[in-house]
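Please keep the sequence and the structure open while reading.

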Amino acid sequence: MSPLSPHPAAWRERKRLVTVAILMCFLFSLLIFRFYQIQIVEGEKWTKIALSQHQMVLVEPFRRGAFYSNMSITKGHSEDEQPFVIDVPKFHLFIDPDSIPPSSRKQMANDLFKLLNFSNELQKKMFGEFERKSRCRKICMWLDREKRDQIQQWWTPFASREKIVKNALFFTQDYRRSYPFGTLLGSVLHTVQEEKDPQSFQSLPTGGLEMVFNSYLKGKQGKRLMMRSPRHPIDTGTLVEEPENGADVYLTINHYLQAIAEAELAKGVQEVKGQGGWAVMMDPKNGEILALAQMPPFNPTRYSDYFNNPAMQELTRVKAVSDCFEPGSIFKPITLAICMKANAELQKAGKKPLFSPEEKMPTSNGMLPGRSTPLKDGRLHHFLNMNMALQKSSNVYMGRLVHRLISTMGDRWYRNALEETFGFGLKTNIELPAENQGLLPTPGKLHPNGKLEWSVPTPYSLAIGHNILINSIQMVRAYALIANGGYLVQPHLVRKIIRKHADGSQETIVDRTGALMPQSKQVLDPKIAQRLVEGMKFVTKEGGTSKRADVMGYTEAGKSGTSEKIIAGNYSKQHHISSFLGFVPAKNPRFVLLVSVDDPESKFVPGVGKQQHGGVCAAPIFRQIAQRSLQYLGHEPDDPYGYPPGDPRRDARKADWAAEVDALKKIYLQWNE
Amino acid sequence: MPKGLLLRLGFCLGVVCFCLYSYLNKQNELTHLKIRLPQLEKEIKLIAEENCRLQYEIDRMENPTRLIELAHRPEFSNLKHPMMKEILTVPEGIAVKSDSERTSGLW
């Protein structure tokens, strides 16, 4: 047989071999094609699936922005940042019940509860968590690092002895709002809820500045990738996205001034057995609120107690902003300012002015149009001038003056002047929630009960601070206007907001540190303001209604006021709001300070007067806060001989305003003897 | 083979080996640092947390309400807030200059 002629059997075998080879090649190419499809075409999809099976994304907590004290109020003070609230790292304890063998659960729970000092009741409740069919149950929140380390020291040998996977017990880190100064500024700051929003992992504010500045304070969660393995502890892994901390808010409030205000207010309220009280301190030059105290205080760490108890809910509000009241006699300087403004307008138009501050005005008859009862003073005065009217807090003088005002300028002018000059009836837009704009009656407008807001006797009531509702910030701003020479400043609580980035850079989001007074509108002639200050200086001196507000060593100007509280729609003779509002020093004031006591005990104090009067119960608190605050600010005494008669430090020849007080006394006696 | 060529070849090989060694050594050092980095990062985080906690404790101690109470005690009755005119602020530049002069023996 020729070698070229193939053997039929070998040929068949070769043919089969080729077929098998082709088939193999085809199958191999199919495999390659599939590989290509999986690795190249669908690579991303499969990588994603694989990663999700082997890795998990953990949320990296961010630090919520903090509130800082105003450390720049004077030189010589520490420049270090002083936080009112900070986020302190804490830990939450979780278990993975599915990974814990049923035989070990009881022992594990008992040991763990002992370490956590759980009560018997809580132990019973929490043991249920071990029996649940779940991979993650929360056992305890807000543990500190020491406690976490203590639990871990117990857990590691326990887990290996009982052959439990290490991750059956794990911790997650979080930041907790902490208050180094306790309840200081509590009602203004407020807090955040214990549980975060489950969707966004953001804190839920309960009110106050936390709520108003929540958009700045909240940060952004980071992301950490971790291998799904019992050998990888929860806090390891790669940080794929850095958390972004919240922005820090720098307040105008100084922590030391706030502490002085709160301490003195608490002491004063306790002395007069009041229901509570509040104090507002503001820089008249720029509207910065330097202290905002309230008694009883709101404790942010126990916020749920306050919200769950209806009797305590009112303590969660900043009453100086959310509550309005009839100001009473502290409104009298406002009445005089309006009348002096009318004087200026009349003089400008070439007309006769309403009055002269030195004019002898008859004040024995308080019967005024529309009133069923005459206006009365504390005691009968036959004739008074403006200084005496302020000194004696005369209702009749104010009523008579306003009678001239509305006879000449009209009701509408009076009402508009109160709104446009002092901003009564309008929100101050201070950065706190639920501001009550109060009520300034309008001629022709009806109350919800159908009665007219403005009737014939309304202007005379307004003259003495009745029939008008205002909040404390509005009132303090009105006095700031007198103190600063006529500028309507914007009250505010925030100086700046700064976001600090992880690389150390800073971004200023809000900056209000510049002087604001030049931007403010001048609404009152500085001469009128100056004349009012002179009149208000008599109030705290001999013969005045508020001698207890005389700040030793410093000059001051102010006015006390007492108003009846409205209870169930009626004025109460037994319940009062007693206030003193003034500024120190009288010339170039450092701050305006309002002190209000809610419902002081009504009684007569021998040698002093009725305790419920502002000049008796609120004035001493004003004096103490003002004196200690000025000392803290390093303010040189501007009246070093201005002590009360009988004090060895007093020198009547050198004491400020002593000669003027003597001269006024002489005139008063001439007119009223 | 000429002796000079062998020497030059040997020198070149030596330089190449040295460079290779240096490169590998540097790589090892870098790897070593890379291994230490997460550990250091964790330590820094712990220190920062501890710092934050301690600052919180210091702030609690320096609570102005507590300081005011302390100031009322008889043993601290000699302390008072300084007046503005009593506070002298030395500009930083002058303070640094004075300090360097003192250390250089001029003072």
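## Charged pairs in chain A

At 47% relative accessibility, Glu131(A) counts as partly exposed, a class that lies between buried (under 20% relative accessible area) and exposed (over 50%), as computed with a 1.4 Å probe on protein chains only. This is a predicted model, in which local features need pLDDT of at least 70 and side-chain atom pairs count only at pLDDT 80 or more, while totals for chains, interfaces and linings use all residues. Residues are numbered from 1 along each chain as its sequence is written, chains are lettered from A and ligands numbered from 1 in the order in which they are written, and side-chain values use heavy atoms, with hydrogens and water left out.

Glu131(A) forms a salt bridge with Arg105(A), and the closest N and O atoms of the pair are 3.6 Å apart; the term stands for a side-chain nitrogen of Lys or Arg within 4 Å of a carboxyl oxygen of Asp or Glu. Because Glu131(A) lies in helix α4 (residues 120-131) of chain A and Arg105(A) in helix α3 (residues 102-116) of chain A, the pair ties together parts that are 26 residues apart in sequence. Helices (H or I, at least four residues) and strands (E, at least two) are DSSP runs, numbered from the N terminus.

Side chains of opposite charge can pair when their charged atoms come close. Glu419(A) and Arg415(A) meet in such a salt bridge, at 2.6 Å from N to O, and both lie in helix α15 (residues 411-422) of chain A, four residues apart, which is about one turn of the helix. Glu419(A) is partly exposed, with a relative accessible area of 22%, whereas Arg415(A) is buried, with a value of 10%. A further salt bridge joins Arg649(A) and Asp647(A), at 3.0 Å from N to O, and Arg649(A) counts as partly exposed at 48% relative accessibility.

| Residue pair | N to O distance |
|---|---|
| Glu131(A) and Arg105(A) | 3.6 Å |
| Glu419(A) and Arg415(A) | 2.6 Å |
| Arg649(A) and Asp647(A) | 3.0 Å |
| Lys45(B) and Glu60(A) | 3.5 Å |

Over all chains, a search of the whole structure finds 41 salt bridges. Chain A also holds a network of salt bridges that links Arg64(A), Asp87(A), Arg177(A) and Glu210(A).

## Buried lysines without a partner

Which side chain of opposite charge is nearest to Lys147(A), a residue that is buried yet has no salt bridge? It is Asp144(A), 7.0 Å away, where Lys and Arg count as positive and Asp and Glu as negative, while His and the chain ends are not counted. Lys147(A) is found in helix α5 (residues 145-161) of chain A, and, leaving aside its neighbours within four places in sequence, Lys147(A) is in contact (heavy atoms within 4.5 Å) with Leu115(A) and Asn117(A).

Lys332(A), which lies in helix α12 (residues 332-348) of chain A, is likewise buried and has no salt bridge, the nearest side chain of opposite charge being Asp377(A) at 5.9 Å. With neighbours within four places in sequence left aside, the residues in contact with Lys332(A) include Ser393(A), Asn395(A), Met398(A), Ile464(A) and Lys559(A).

## The contact between chains B and A

Chain B has three helices and zero strands, and 9% of its 107 residues count as buried. The contact takes 22 residues from chain B and 35 residues from chain A. The two chains bury about 2400 Å² between them, 59% of it on carbon and sulfur atoms; buried area is the accessible area (1.4 Å probe) that two parts lose on being put together, summed over both. Tyr56(B), His81(B) and Met84(B) supply 23% of the area that chain B buries against chain A, more than any other three residues.

The count between chain B and chain A is three salt bridges, and Lys45(B) forms a salt bridge with Glu60(A). On the side of chain B that touches chain A, the elements that give two or more residues are α1 (3-61) and α2 (64-71) of chain B, and the largest share, nine residues, comes from α1(B).
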